[in-house]
Amino acid sequence: MTERKPPGVTFESWVDRQIREATERGAFDDLPGAGKPLANENQPYHEMWWIREKMEREGLSYLPPSLVLRAELRDALDTARLAPTEPLLRSRLAEANARIEAALRRPIEGPPLGLAPVDVESVVAEWRSSHS
């Protein structure tokens, strides 16, 4: 724990003395990132930068769970449409529909999901016409 600034000592000299003593003890030797450029140096300043970095390190999302799920499901549906075979397309659509139905049965935090289960037969018909 750091000591309190003694009365009558200027703040700057007190801080400078603490830094000098820590340097002499070797407290700053072998710090992670030593000699490397600062991360996000070229990005504009954001007052919540430290929260963003912490969330990135922890693998957390910036979005409510319903919006994350919405994005994941749209990506899954786009990926399903690129399937090379019809059985694979059908299985991917079935997986996406199962996730949509689960989210509709037990709503999750955030704004409404805004998705309904996909009509598999119409997507398969579109897939067939684009692959013929």
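**Close-up views of a predicted model**

**View 1. Helix 3 and helix 4 cross with left-handed geometry.** The model shown is predicted. Helix 3 covers residues 65-81 and helix 4 covers residues 86-105. Their axes lie 8 Å apart, at a packing angle of about 165°. Angles over 145 degrees count as roughly antiparallel. Helix 3 and helix 4 are therefore roughly antiparallel to each other.

**View 2. Residues in the contact of helix 3 with helix 4.** Helix 3 contributes Leu69, Glu72, Leu73, Leu77, Thr79, Ala80 and Arg81. From helix 4 come Leu89, Arg92, Leu93, Ala96, Arg99, Ile100 and Ala103. By class, the contact holds 9 nonpolar, 4 charged and 1 polar residues.

**View 3. Pro117 in the loop between helix 4 and helix 5.** Helix 5 spans 120-130. Pro117 has a relative accessible area of 36%. This proline is therefore partly exposed, since that class lies between the buried limit of 20% and the exposed limit of 50%.

**View 4. Contacts of Pro117.** Setting aside residues up to four places away in sequence, Pro117 touches Asn97, Ile100, Glu101 and Leu104. Among them, Ile100 also takes part in the contact of helix 4 with helix 3.

**View 5. The annotated domain at residues 14-81.** An unreviewed UniProt entry places "domain: DnaJ homologue subfamily C member 28 conserved" here. The span is 57% helix and 0% strand. Its end C-alpha atoms lie 65 Å apart.

Conventions:
Residues are numbered from 1 along each chain as its sequence is written. This is a predicted model: local features need pLDDT of at least 70, side-chain atom pairs count only at pLDDT 80 or more; totals for chains, interfaces and linings use all residues. Side-chain values use heavy atoms; hydrogens and water are left out. UniProt positions are given in the numbering used here, feature names are shortened, and annotations may be inferred rather than shown by experiment. Helices (H or I, at least four residues) and strands (E, at least two) are DSSP runs, numbered from the N terminus. Axes are lines fitted to C-alpha atoms, for helices over the stretch in contact, and angles run from 0 to 180 degrees between N-to-C directions. Angles under 35 degrees count as roughly parallel, over 145 as roughly antiparallel, 65 to 115 as roughly perpendicular and the rest as oblique. A crossing is left-handed if the near helix is turned anticlockwise from the far one by less than a right angle, and right-handed if clockwise. Contact means heavy atoms within 4.5 Å. Ala, Val, Leu, Ile, Met, Phe, Trp, Tyr, Cys and Pro count as nonpolar, Asp, Glu, Lys and Arg as charged, and the others, Gly among them, as polar. Buried means under 20% relative accessible area, exposed over 50%, partly exposed in between (1.4 Å probe, protein chains only).
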